[in-house]
Amino acid sequence: MSIKAIIEKFQAELDATQKVADVLNLKAHILGKQGSLSEILKGLKDATPEERKTLGAEANQAKIQIEDLVTAKISAFEAQEINASLLKTKIDFSLRDSIMDKGLRAGGLHPVHIIQREIEDIFVSMGFEVLDGPHIEDEWHNFEALNIPDTHPARDMQDTFWFADKKHLLRTHTSTIQVRGMKERKPPFRFVGPGKVFRCERTDASHEMCFHQLEGMMVGEDVSIGHLIYFMKTLLSEIFKREVEVRLRPGFFPFVEPGFELDIKCLICGGKGCSVCKHVGWVELLPCGMVHPNVLKAGGIDPEKNNGFAFGLGLDRLVMMRYGIDDIRHLHSGDLRFNQQFKTF
Ligand code: DAH
């Protein structure tokens, strides 16, 4: 039998196989000692040197071809098996519906977490890590390391919930995550840190004792205000899925120099004035700035070699603007009529 005929016969037999074991048998048969290909190779010893050369090359080629056909066939069987098992484990959504029919309700994400996750995704896509930090902090992480010494008037800006030991407190901002993040890494790095923060404040439509921030920080040898503006603009256009009007004002925060306030035109009233924007048409959204050298030092980073930007995004107001919520107190009301208006699983 010629090599061509051997391969054709093999192909036909391969097509007829039903399972991986059949393919392996077939392979063993054709390539094995008594196999038709081996017969040809054995016959080579009686051939002329010329014939031996061409026939030998052809036989080797055929062997490779057969091995490739076998591998492809086995992969096809394996894919079939996987598909079949996936079909068997199909999720039965009608079960969920029947549970719902019995009056049970599916859970969902709180609107603050919906936005938090979206923003984390945006930053992760820009190469940022997502860090966590403790709610209970010490003075050093919440104030000192952030260039807010004992006597500094900025401590009055934040009415703090202190523990009885007068040393520990509920963090008043997520800037504490900056300090922890810096200590654990070497520049260059960039990360965000979302979470709850606590202040002893009188509550009204736009103030709560517990609210949510997302801190951000980027440190490296040549980080500039240009980087800060680029990342903030990208973030806001991704969040609002449209161009939003922004304005930058100088702002004072002990941990940045220079510091800025980035405001956006109120999306609830379009700038006419409402309770969310305190009737000024603009909402303070994003305080930010270039990291103060003292803060870099506290984080174990050499301010001669590195600089960075930082920002602290308030999440609650974003949620309110996205969903048209006019009172921050709804967010912690625990009222199911409120919660169930958002994405469920
Ligand atoms: N920690 C500030 C606050 O809670 C917000 C803030 C301002 C964070 C400026 C920053 C920043 O990182 O650069 O009010």
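1. The cover over the buried residues of helix H3 includes helix H1 (3-15), helix H2 (20-31) and helix H4 (49-88); cover here rests on contact, meaning heavy atoms within 4.5 Å. Helices (H or I, at least four residues) and strands (E, at least two) are DSSP runs, numbered from the N terminus.

2. This is a predicted model, in which local features need pLDDT of at least 70 and side-chain atom pairs count only at pLDDT 80 or more, while totals for chains, interfaces and linings use all residues. Residues are numbered from 1 along each chain as its sequence is written, and side-chain values use heavy atoms, with hydrogens and water left out.

3. In H3 (residues 36-43), Leu37, Ser38 and Ile40 are the buried residues; buried means under 20% relative accessible area (1.4 Å probe, protein chains only). They lie on the same side of H3, because their arc around the axis is only 155 degrees, taken from the directions from the helix axis to the C-beta atoms.

4. The chain contains 12 helices and nine strands. Its radius of gyration is 33 Å, well over the 20 Å that the globule rule gives for 345 residues, so the chain is more spread out than a compact globule. That radius is taken over C-alpha atoms, and the rule is 2.2 Å times the number of residues to the power 0.38. Along the principal axes, the C-alpha atoms fill a box of roughly 100 × 65 × 45 Å.

5. Buried residues make up 42% of the 345 in the chain. Of the contacts between residues at least 6 apart in sequence, 67% join residues at least 24 apart.

Conventions. Buried means under 20% relative accessible area, exposed over 50%, partly exposed in between (1.4 Å probe, protein chains only).
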